[in-house]
Amino acid sequence: MTVTLLRAALFLAGLTFIIIGGSFLVDPAAMGGGFGLVPRGAQGLSSLRGDFFAYFVVAGGCLMFGAWKRRGEFLLVAGAIFGLTFLARAYSLVVDGFYLGWVTPMGIEAVTVILVLVASRILPSGALVERAQ
């Protein structure tokens, strides 16, 4: 039961991140504004589309695939992405200062990393699955 809930939480988080990524592809200006980013011209829109779409779709896809296939090693990719994002945001708070609403993104990233670390210990990795068969 606990494993099923954990997998469902990972899958839903992954789906949410993929939807966010898709929103950056479709409407980068609106999504960028929600993240405090205002693109200047086609280059800025292209950067928001490309970078944020890839970031969220790869991270979300790894969460969904790892949860669906019970493959803990795929979860670690998403964990690394969100863990590094969390560390970069923490560095930015020290260097640039605090801003209104900083807790929400860092909280989401921290919860995602914790969820991934727990799940990666519970769900088998590919090497372990192959050895067991």
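Reply: Two residues are in contact when they have heavy atoms within 4.5 Å of each other. Counting contacts in the protein chain with a separation of 6 or more, 65% are between residues 24 or more positions apart. The model is a predicted one. The mean pLDDT of the protein chain is 92, and 93% of its residues reach 70 or more.

The setting comes before the part. The protein chain has 133 residues, of which 28% count as buried. It contains six helices and zero strands, so that from the N terminus on its elements read α-α-α-α-α-α. Along the principal axes, the C-alpha trace spans about 55 × 30 × 25 Å.

Which residues of α5 are buried? They are P105, M106, E109, T112, V113, V116, A119 and S120. These residues lie on the same side of α5, because they cover an arc of only 165° around the axis. On the other side of α5, the exposed residues are V103, T104, V111, I114 and R121. The buried residues of α5 are covered by elements that include α1 (2-26), α3 (41-69) and α4 (72-96).

One is T112, a residue of helix α5. T112 counts as buried because its relative accessibility is 8%, and the limit for buried is under 20%. The side chain of T112 reaches back to the backbone oxygen of I108, at 2.7 Å. Leaving aside neighbours within four places in sequence, T112 is in contact with F17, L63 and F82. Of these, F17 is among the buried residues of α1.

The other is A119. With neighbours within four places in sequence left out, A119 is in contact with L6, L10 and L75. L6 and L10 are both buried residues of α1. A119 also belongs to the largest nonpolar core, which has 17 residues; L10, L63, L75, F82 and A119 are the members that touch the most other members. α1, α3, α4 and α5 each supply at least two residues of this core. α3 gives the most to it, with six residues.

The helices that cover α5 can be taken up in turn, starting with α1. The 25 residues of α1 should span 36 Å at 1.5 Å a residue, and its end C-alpha atoms are 36 Å apart, so the two values agree. The buried residues of α1 are L6, R7, L10, G14, F17, G21 and F24. They pack against α5 and also against α2 (28-34), α3 and α4. L15 is another residue in helix α1. L15 is partly exposed, with a relative accessible area of 34%. From C-alpha to C-alpha, L15 and A59 are 9.9 Å apart in space, while 44 residues separate them in sequence.

In α4, T85 is a residue to look at. T85 is buried, because its relative accessible area is 16% and buried means under 20%. The side chain of T85 reaches the backbone oxygen of I81 at 2.8 Å. Not counting residues up to four places away in sequence, T85 touches Y55 and E109. E109 is one of the buried residues of α5.

Between α3 and α4 there is a loop, and R70 is found there. Phi of R70 is near 60°, a positive value in a residue other than glycine. With a relative accessible area of 38%, R70 is partly exposed.

One stretch calls for caution. Over residues 128-132 pLDDT stays under 50, and the model has one contact beyond four places in sequence for them. Where pLDDT is low, the predicted coordinates should not be read in detail.

To sum up, α5 has its buried residues on the same side, with α1, α3 and α4 included in what covers them. The exposed residues V103, T104, V111, I114 and R121 are on the other side of α5.

Technical notes: Residues are numbered from 1 along each chain as its sequence is written. This is a predicted model: local features need pLDDT of at least 70, side-chain atom pairs count only at pLDDT 80 or more; totals for chains, interfaces and linings use all residues. Side-chain values use heavy atoms; hydrogens and water are left out. pLDDT is the predictor's confidence in each residue, from 0 to 100. Buried means under 20% relative accessible area, exposed over 50%, partly exposed in between (1.4 Å probe, protein chains only). Helices (H or I, at least four residues) and strands (E, at least two) are DSSP runs, numbered from the N terminus. The arc is that of the directions from the helix axis to the C-beta atoms. A nonpolar core is a set of buried Ala, Val, Leu, Ile, Met, Phe, Trp, Tyr and Cys residues joined through side-chain atoms within 4.5 Å. A polar contact is a pair of N or O atoms within 3.5 Å; within protein, one must be able to donate a hydrogen and the other to accept it, and residues adjacent in sequence count only if both atoms are side-chain atoms. The expected span of a helix is 1.5 Å times one less than its number of residues.
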